[in-house]
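Thank you for making time for this. I would like to walk through one model with you, going from the strands to the aromatic rings and then to the core.

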Amino acid sequence: MAKANKKAKAESEVKIPTRVELVQAKIPLKAEGNNVYFSVKDLKKQYPFLTNHDHDEKTFDDGFVGIMIQDVSIEK
């Protein structure tokens with residue numbers, strides 16, 4: 001029973017990573033003014049539980065597709 005509780009607790013502790021954690025995880029990013037956009041592709045690869053709306057994504061001239069961390073949520 002204790003193992004089941006630990007597993008349930010671990011699953012419930014899933015959280016959106018901070019900017020610092022994303023930089024430490026080497027997620028590619030682009031800064032535009034005060035806004036920092038992280039690579040959508042790499043975010044979804046490394047953090048598959050994160051989701052976002054397509055309208056929150058920004059495509060740059062070089063093809064980089066990014067999203068600000070405050071625009072992502074945890075997939076339920």
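**The hairpin and its sheet**

Let me begin with strand E1, residues 29–32, which pairs with strand E2, residues 35–39, in the antiparallel sense over four bridges. Two strands count as paired here if DSSP finds at least two bridges between them, and the elements themselves are DSSP runs numbered from the N terminus, with helices (H or I) of at least four residues and strands (E) of at least two. Please keep in mind that this is a predicted model, in which local features need pLDDT of at least 70 and side-chain atom pairs count only at pLDDT 80 or more, while totals for chains, interfaces and linings use all residues. Residues are numbered from 1 along each chain as its sequence is written, and side-chain values use heavy atoms, with hydrogens and water left out.

Within this pairing, Leu29 stands opposite Phe38 in E2, and Ala31 has Val36 of E2 as its bridge partner. The two strands form a hairpin with two residues between them, and Gly33 in the turn has a positive phi of about 65 degrees.

**The aromatic rings**

How many aromatic pairs does a search of the whole structure find? The search finds three, where rings of Phe, Tyr and Trp (its six-membered ring) pair if their centres lie within 6.5 Å, and planes under 30 degrees apart count as stacked, over 60 as edge-to-face and the rest as tilted. For Tyr37 and Phe60 the centres are 5.5 Å apart and the planes stand at 75 degrees, so this pair is edge-to-face. The pair links distant parts of the chain, with Tyr37 in strand E2 and Phe60, 23 residues apart from it, in the loop between E4 and strand E5 (65–67).

Tyr37 is buried at a relative accessible area of 7%, and Phe60 also counts as buried, at 16%; buried means under 20% relative accessible area, exposed over 50%, and partly exposed in between, with a 1.4 Å probe and protein chains only. Another edge-to-face pair is formed by Tyr47 and Phe49, at 6.1 Å centre to centre and 85 degrees between the planes. Here Tyr47 is buried at 14% relative accessibility, whereas Phe49 is partly exposed at 26%.

Ring pairs also join Tyr37, Phe60 and Phe64 into a cluster. The charged end of Lys30 sits over the ring of Phe60, 5.8 Å from its centre, and Lys30 lies over the face of Phe64 as well, at 5.8 Å from the ring centre; the criterion is NZ of Lys or CZ of Arg within 6 Å of the ring centre and within 35 degrees of the ring normal.

**The core**

Leaving aside residues up to four places away in sequence, Tyr47 touches Pro17, Glu21, Leu22, Ala25 and Ile27, contact meaning heavy atoms within 4.5 Å.
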